[in-house]
Amino acid sequence: MRTIAGAVIVLAGLGGLGWWATVRQADVIEQQILQAATALEVPSVHGVDIAVSGRDITLTGIANGPDKAEALLAAYAAVPGQREVRADWTVLPVVSPYVMAARWQDGTFAAEGHLPTEAVRAELEPILGATQSLALGAGAPTDWSAAAKVGLTATRLLEEGEMRLEDQTLILNGIARTPSEGAAIERTLGSLPDEYRSELVLDYLDDGTPPEYSITYDASTGLRIDGKLPAGLTADDVSGALNFVAHGGNAQTGLLGDPAGHIDRLKPLAEWLPELERLTIVRTGDDLSVVGTVGAGVDAELVAEALPEAVGNPVNLAVGAAQQPDGSLRTNAATGATEVARAGYWLPHVQFNPDIDTCADRMNTELQRNPIQFLTGSARLDAKASRVINAMASVAALCVTDGNLRAEIGGHTDSVGDPASNRALSEARANAVRAALIARGVASRALVANGYGESDPIETNDTEEGRAANRRTTVIWSPSDDGVN
């Protein structure tokens, strides 16, 4: 009995020892296979994770295309002692052509296409931003990530545009600010890897030429501004300097040039536009060319003398005449007043029932609003006198024609100087006004001129203000059948 029990114990001990030896040997074999598999220097774009269970090898991760997957399986199938190699990985599709496109607009990228690895994704994200729209794909050419970085960096120099990296060709098109930015983009593309080529198509917000623009004013049609304005200066700024709201033309604001001084040199012209029929101003760099035509009756020489000091350049002016038939109407673009053509002049269009009192009120209102001025010691009307003369002519023509009235034009001076000389000067000035009215179509038979010199002051001659008030023109109305002496 004891013999049987001892035999059972011996057999049990031998079986346990065999089981232990088997398990221990399996662990050793598993470690040997894992070490052998890990030691393999198998090239892998994405890296491969290896797990060994018994004598079976499991590969996980990403394989860079079917060919790479087969090559990896074959390499690990050669590991000594392995029984089976299993693949539990993602096999990337082979992309051809290999394309990534990125649209740059409003300071952000929108991309589509493929990336070769997650490592490249991490490299590009600081430049490209979000890359979730880009899928992994096999087939990227050598140095693809370096080329992509160059393309994205160049694209960000655009105002807006798009890059397309197709295999080893980088296509970039869009809008740059100026040719200098375009040159910077070209330099950036010059750092592409040697085997890559680039195609660049750019439009520019500014062609890089210096600002040059023209301003055309016409009393009948208004203001037009054409050309390229310096940075910071708009067509509205220009028209505003000339007291205009509406304007035409194709003027664009450039990205180059200094706007300083442009408006200051235009503003003085605004006050002279009522004297002008046409004006053309051309600005090239610091040069300002001003040529034009004054209205009939305006002293072009005096206006041309006054403007250069204001605008800083000589001004070339001619005298023009209304080309429309008498009775034609227009709206003066500078003043907004309705004007009528008469005897080659554009005169204010007035309508009222003329009698002595109304004609006197109308004429006195015009003379008070804008007194007639002469050159000092002369009967020559000053540069802006045509405004009031035109207004007087409109009133006088209606009063003479429809009111059957006559008018005496009186000239008056202050007390400075010789009385006889003052009387002669006042008479010459009264005659100058009479002649100007006759030229504008007022019947000569209804107008006489008298010079009163200093004999009829309305203020003291002891102050400059009083003397200025005494230097005046008067108009006295009477019925035509009474005569005027």
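**View 1. The largest cavity of the predicted model holds about 30 Å³ of space.** The count comes to 1 cavity of 30 Å³ or more. Its lining consists of Pro43, Ser44, Val45, Ile62, Ala63, Asn64, Lys68 and Leu72. Strand 2 and helix 2 (66–77) each contribute at least two residues to this lining. Sorted by class, the lining has 5 nonpolar, 2 polar and 1 charged residues. Rolling a probe the size of a water molecule over the atoms shows where empty space is left.

**View 2. Three strands form an open sheet in the order 1-2-3.** The pairing within this sheet is mixed. Strand 1 and strand 3 (84–91) are the edge strands, and each of them pairs on one side only. Direction ignored, neighbouring strands of the sheet are turned by 15° against each other on average. Strands of a sheet pair through backbone hydrogen bonds, either parallel or antiparallel.

**View 3. Strand 1 and strand 2 form a hairpin.** Strand 1 covers residues 48–53 and strand 2 covers residues 56–63. The two strands pair in the antiparallel sense over 6 bridges. Between the two strands lie 2 residues. Gly54, in the turn, has a positive phi of about 65°.

**View 4. Strand 2 and strand 3 run parallel.** These strands are joined by 8 bridges. Asp56 stands opposite Glu84, a residue of strand 3.

**View 5. Helix 2 lies across the strands.** Strand 1, strand 2 and strand 3 are the strands that helix 2 lies across. Relative to strand 3, helix 2 runs at about 155°. Helix 2 is also one of the elements that supply at least two residues each to the lining of the largest cavity shown in View 1.

**View 6. Helix 9 (residues 356–369) packs with helix 10 (residues 385–401).** Two packed helices are described by the angle between their axes and the distance between the axes. For helix 9 and helix 10 the angle is about 175°, and the axes are 9 Å apart. Angles over 145 degrees count as roughly antiparallel, and helix 9 and helix 10 are therefore roughly antiparallel to each other. From helix 9, Cys359, Arg362, Met363, Glu366 and Leu367 take part in the contact. They meet Val388, Ala391, Met392, Val395, Ala396 and Cys399 of helix 10. By class, this contact has 9 nonpolar, no polar and 2 charged residues.

Methods:
Residues are numbered from 1 along each chain as its sequence is written. This is a predicted model: local features need pLDDT of at least 70, side-chain atom pairs count only at pLDDT 80 or more; totals for chains, interfaces and linings use all residues. Side-chain values use heavy atoms; hydrogens and water are left out. Two strands pair if DSSP finds at least two bridges between them. Helices (H or I, at least four residues) and strands (E, at least two) are DSSP runs, numbered from the N terminus. Axes are lines fitted to C-alpha atoms, for helices over the stretch in contact, and angles run from 0 to 180 degrees between N-to-C directions. Angles under 35 degrees count as roughly parallel, over 145 as roughly antiparallel, 65 to 115 as roughly perpendicular and the rest as oblique. Contact means heavy atoms within 4.5 Å. Ala, Val, Leu, Ile, Met, Phe, Trp, Tyr, Cys and Pro count as nonpolar, Asp, Glu, Lys and Arg as charged, and the others, Gly among them, as polar. On a 1 Å grid over the protein atoms alone, a cavity is a set of points where a 1.4 Å probe fits but cannot get out, and a pocket is an open set with protein on both sides within 12 Å along at least five of seven lines; lining residues have an atom within 4 Å of a point. Grid points are joined across faces, edges and corners, and a volume is the space filled by probe spheres set on the points.
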